[in-house]
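Try each task yourself before you read its solution.

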Amino acid sequence: MTALEFGYAINNMTKSMKPFALRLTKDMEQANDLIQETVLKAFSNREKFSEGTNLKAWLFTIMKNTFITNYQRMVRRKTFIDTTENLHFINSTENIAQNSAYGSFAMADIVKQIAKLDDVYKEPFMMHFRGFKYHEIAEKLEIPIGTVKNRIHIARKELKSALKIYA
């Protein structure tokens, strides 16, 4: 199918796509945006369409997946839509109040448990925690990289068991 034939076939389908887009978005402007995004994705991926298969089903699948992806992206951002006339998008994460007392207790316990680690495990663990790469730690401590990984693993394991109250 040529690009012109493909474009003509999609153009014929756009009228039947509108009710489905409206059902998904419940808003005319968002439905039009969804249709436009679907058509764009269909054109950019037209080589993936197998001629002789159901074009309408293919387009509706693209539309549904696009809607789901956009919805999940909005939820991940933890953004809610203000339904007043101004229609502002407000990021709810900026207004979070946290009690730092629990974090202070946890941090004190973590520091205490790290201090209890054997120096053999503590030194590679703290270097890794500060951002050193495994090979940098191995060079500095003059030990094999496998030993570095093992010691960091053991330190994590000991800290995890000692701090399981915070799990």
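**Exercise 1.** Are Phe49 and Trp58 buried or exposed?

*Solution.* Keep in mind that you're looking at a predicted model. Buried means under 20% relative accessible area. Both Phe49 and Trp58 come out as buried.

**Exercise 2.** Classify the ring pair of Phe6 and Trp58, and work out how far apart in sequence the parts it ties together are.

*Solution.* Step one: a pair of aromatic rings is described by the distance of the centres and the angle of the planes. Step two: the ring centres of Phe6 and Trp58 are 6.1 Å apart and the planes sit at 70°, so this pair is edge-to-face, since planes over 60 degrees apart count that way. Step three: Phe6 belongs to helix 1 (residues 3-25) and Trp58 to helix 3 (residues 55-76), so the pair links parts 52 residues apart in sequence.

Now for another partner of Trp58. Phe49 and Trp58 make a tilted pair, with 5.2 Å from centre to centre and 50° between the planes. Put together, Phe6, Phe43, Phe49 and Trp58 form one aromatic cluster.

**Exercise 3.** Describe how helix 1 and helix 2 cross, and sort the residues of their contact by type.

*Solution.* Start with the axes: those of helix 1 and helix 2 (residues 28-44) come within 9 Å and cross at roughly 145°. The crossing is right-handed. Next, the residues that meet: helix 1 brings, among them, Phe6, Ile10 and Met17, while helix 2 brings residues including Leu34, Ile35 and Phe43. Finally, sort the contact residues: 14 are nonpolar, six polar and one charged.

Key. Residues are numbered from 1 along each chain as its sequence is written. This is a predicted model: local features need pLDDT of at least 70, side-chain atom pairs count only at pLDDT 80 or more; totals for chains, interfaces and linings use all residues. Side-chain values use heavy atoms; hydrogens and water are left out. Rings of Phe, Tyr and Trp (its six-membered ring) pair if their centres lie within 6.5 Å; planes under 30 degrees apart count as stacked, over 60 as edge-to-face and the rest as tilted. Helices (H or I, at least four residues) and strands (E, at least two) are DSSP runs, numbered from the N terminus. Buried means under 20% relative accessible area, exposed over 50%, partly exposed in between (1.4 Å probe, protein chains only). Axes are lines fitted to C-alpha atoms, for helices over the stretch in contact, and angles run from 0 to 180 degrees between N-to-C directions. A crossing is left-handed if the near helix is turned anticlockwise from the far one by less than a right angle, and right-handed if clockwise. Contact means heavy atoms within 4.5 Å. Ala, Val, Leu, Ile, Met, Phe, Trp, Tyr, Cys and Pro count as nonpolar, Asp, Glu, Lys and Arg as charged, and the others, Gly among them, as polar.
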